[in-house]
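Subject: Structure handover

Hi,

Here is the structure we talked about. Please open it before you read my notes below.

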Amino acid sequence: MRVVQAEDQMEVQVNLVHIIPPNKEMAIRNGILILTKPAEAHGPRLFIDTFFRSLAEARKEKAIGIILSGNGMDGTLGLKAIKAEGGMAMAQETASAEYDSMPRNAIETGVVDYVLPPEKMPQQLIRYVEHAYIQQPKAGPLEETQPETLQNILRLLRTQTGYDFSSYKKNTICRRIERRMNVHQIENAASYLRLLQQNSQEVAVLFKELLIGVTSFFRDSEAFEKLKEKMAEWLADKPKDYRVRVWAPGCSSGEEVYSIAIILKECFDDLKRNYKAQIFGTDIDEDAIEAARAGYYPSSIVSDVAPQRLKSFFVKEGDSYRLKKEIREMAVFAVQDIIRHPPFTKLDLLSCRNLLIYLDPELQKKLLPLFHYALKPGGILFLGNSESVGNFVDLFSVLDKKSKLFKRKESAFSTDAVLQFPVDHTRRETGTFSMRQDVKGRQGVFIPALAEKTLLDTYAPACVLITSNGEILYTHARTGKYLVLG
């Protein structure tokens, strides 16, 4: 294979090795290499992370990242981005590396599919790209051709992990199952199901695979700056002892939570107010929650965190950065399943970014009224770039369309959407969840729900909840004495 030094606007060619020139950052868009002069460095320059992230965005599940011998942590966050899009990650076996810190740091993320010496990589690479997973242009054949096998895989996951993925988008689920099949060079889903039944470790790996999402500090930095502006306006007339309550479901390893903590601290300082904040970060991934609680992050975060914020809110410890204690103490992390467990309430801000895109539309329709219920009057909902409040314009008004910031409306609202939501009743204690069994009567009737219904039927008057446009959302008891529904 020929080796050439890459040039700006060069089209990527087959069987040609493109080498990045000195003192240049490289990205790929539509098969074209884009070379730029790197910004002024305030830490180690992370050329591999920059390229891998653009590769993940450009090639999605067809992206492949390989980390070979080298010093530092460059490439670690880029590999995570590739895996989040369904791509493949490979790293050199550390024993064969002259400098092992780059492959070692990549392997320690848990996202690497193959750990091999360089001489064994080509054969594995060829086997991988020749598999049907890579050759199929669209997702969905597993769901269409083997729906029963898919349901059995989801049932096995639910039995062994306690989490139900049946309400996640089948497109995403199928592609990630197919990716694991490709890693094992398995062509048939039924054969992969047998592997899962025989190997609990593979169940754990698939579970992790389904949870992988893209996260970073101040992801979509303009949106975070707009959030800071809106939060400053919100706080301006609050009493001096006000405590801000925030919930970030699906927080992964905590970058989003700490980003919010940092902008709130900056707001407090700008307003010269001694406000406090309590930020709840939750996720179903126990390992991610443990990492979030520790507050340690690789030096590659310098590409996402501005120099002044690094200086003000982080402490350098070896090859890592750790959040300062005042920021860590603003956050409480807990394992929680947003689908089954009750929400945090009386919130000023609810940040649910890039979680809804993985859930099917029916579940989204249940979550958005739940978010409305969890927020205080005028509270802010912060969504991801590809997310919206859909048809729930009677529940939320737009604060900033581009940044996906919404404000809770004080219109009539159907509590029925919340009461029917399949949650477990849970008790919170100092940031962790203490689970108990649902209290049920002998015939399997849920006693609290029955008691609430009895109280409503006995003491509450007949009522109708409507939107500001007169649309009926919910009725209780017999309303025929007062009106007839047309």
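This is a predicted model: local features need pLDDT of at least 70, side-chain atom pairs count only at pLDDT 80 or more; totals for chains, interfaces and linings use all residues.

Residues are numbered from 1 along each chain as its sequence is written, and side-chain values use heavy atoms, with hydrogens and water left out.

Start with helix α8, residues 170-183. Helices are DSSP runs of H or I, at least four residues, numbered from the N terminus; strands are runs of E, at least two. The 14 residues of α8 should span 20 Å at 1.5 Å a residue, and its end C-alpha atoms are 20 Å apart, which agrees. The expected span is 1.5 Å times one less than the number of residues.

α8 is mostly covered, with 12 of its 14 residues buried. Buried means under 20% relative accessible area, exposed over 50%, partly exposed in between (1.4 Å probe, protein chains only). Among the buried ones are C174, M181 and N182. After α8 comes Q185, with a positive phi near 55°.

Which residues make the contact between α8 and α10? I173, R176, I177, R179 and R180 of α8 meet E202, V205, L206, E209, L210 and L211 of α10. Contact means heavy atoms within 4.5 Å.

Last, the loop between α12 (255-271) and β10 (276-283) holds K272. K272 counts as exposed because its relative accessibility is 74%. K272 and K240 are 32 residues apart in sequence and 9.8 Å apart in space, C-alpha to C-alpha.

Best wishes
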